Amino acid sequence: TFNSTITSTASTTITVADNSDNLTLKSTDADANAGPNLILQRDSGSPADGDAIGRIDFDADNDAGEVTSFFSIRAEIEDASDGTEDGQMKIDQMIAGTAVTALRFKSSETVFNDDSKDVDFRVESNANTHMLFVDGNNDHVNMGTSTAYAGKLNIETDDNSFNLFLVSTDADANAGPNMKFYRNSGSPAD
């Protein structure tokens, strides 16, 4: 067993001249515990809400030879209070020359496209490329289609099956399933 701590007052760079791996972490342990492990630990004497606690940047040169961070994964302390600690993580992406938050994990929600850019969200099924499609440009949610029909929610099928099916498994004598239409106008008129 060999354990060591490397303390340095300067950064360290590992450079290779080809596409081989720069760093490999290997565990030869045969038990069911996790390994190998990588820990990014910010060991602050005065931790506070909003502290950045780790970052991984994916950098490359752009065509002007400038180092650009095309992707970044950042972790932060959302709440440093003992017993109610919360963390958040952001995945930032370079879009049209600006770093934007593509995905944010917070203690209360997970948000795609947190910076409100014209970015679509698409989920494929086995036979449909747009089984769930959030159209960032047209502010529509589509199921089964990429077409921005006139509704805020658009459901398309390519056969004679039901587009919408409401099911209630309740066994009492009350009505169900139910659908409610509510016109919430501050100035209703004839």
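## A nonpolar surface patch

Ile 14, Leu 23, Leu 25, Leu 38, Leu 40, Ile 56, Phe 58, Phe 70 and Phe 71 make a nonpolar surface patch of about 890 Å². Patch residues have over 30% relative accessible area and no salt bridge, and nonpolar side chains (Val, Leu, Ile, Met, Phe, Trp, Tyr) are joined within 5 Å. A salt bridge puts a side-chain nitrogen of Lys or Arg within 4 Å of a carboxyl oxygen of Asp or Glu. Areas come from the Shrake-Rupley method with a 1.4 Å probe.

This is a predicted model: local features need pLDDT of at least 70, side-chain atom pairs need 80 or more, and totals for chains, interfaces and linings use all residues. Residues are numbered from 1 along each chain, and side-chain values use heavy atoms, without hydrogens or water.

Strand 1 (52-61) and strand 2 each supply at least two patch residues. Strands are DSSP runs (E, at least two residues), numbered from the N terminus.

Phe 71 lies in strand 2. It is partly exposed because its relative accessibility is 36%, between the limits for buried (under 20%) and exposed (over 50%). Ser 72 is also in strand 2, but is buried at 4%. Its side chain forms a polar contact of 3.4 Å with that of Arg 55. Such a contact pairs N or O atoms within 3.5 Å, one able to donate a hydrogen and the other to accept it.

## Arg 74

Arg 74 belongs to strand 2 (residues 67-79). Its C-alpha atom is 4.4 Å from that of Arg 55, 19 residues apart along the chain. The side chains of Arg 74 and Asp 92 make a polar contact of 2.7 Å.

Methods: Helices (H or I, at least four residues) and strands (E, at least two) are DSSP runs, numbered from the N terminus. Patches are made of residues with over 30% relative accessible area and no salt bridge: like charges are joined within 9 Å, nonpolar side chains (Val, Leu, Ile, Met, Phe, Trp, Tyr) within 5 Å. Buried means under 20% relative accessible area, exposed over 50%, partly exposed in between (1.4 Å probe, protein chains only).
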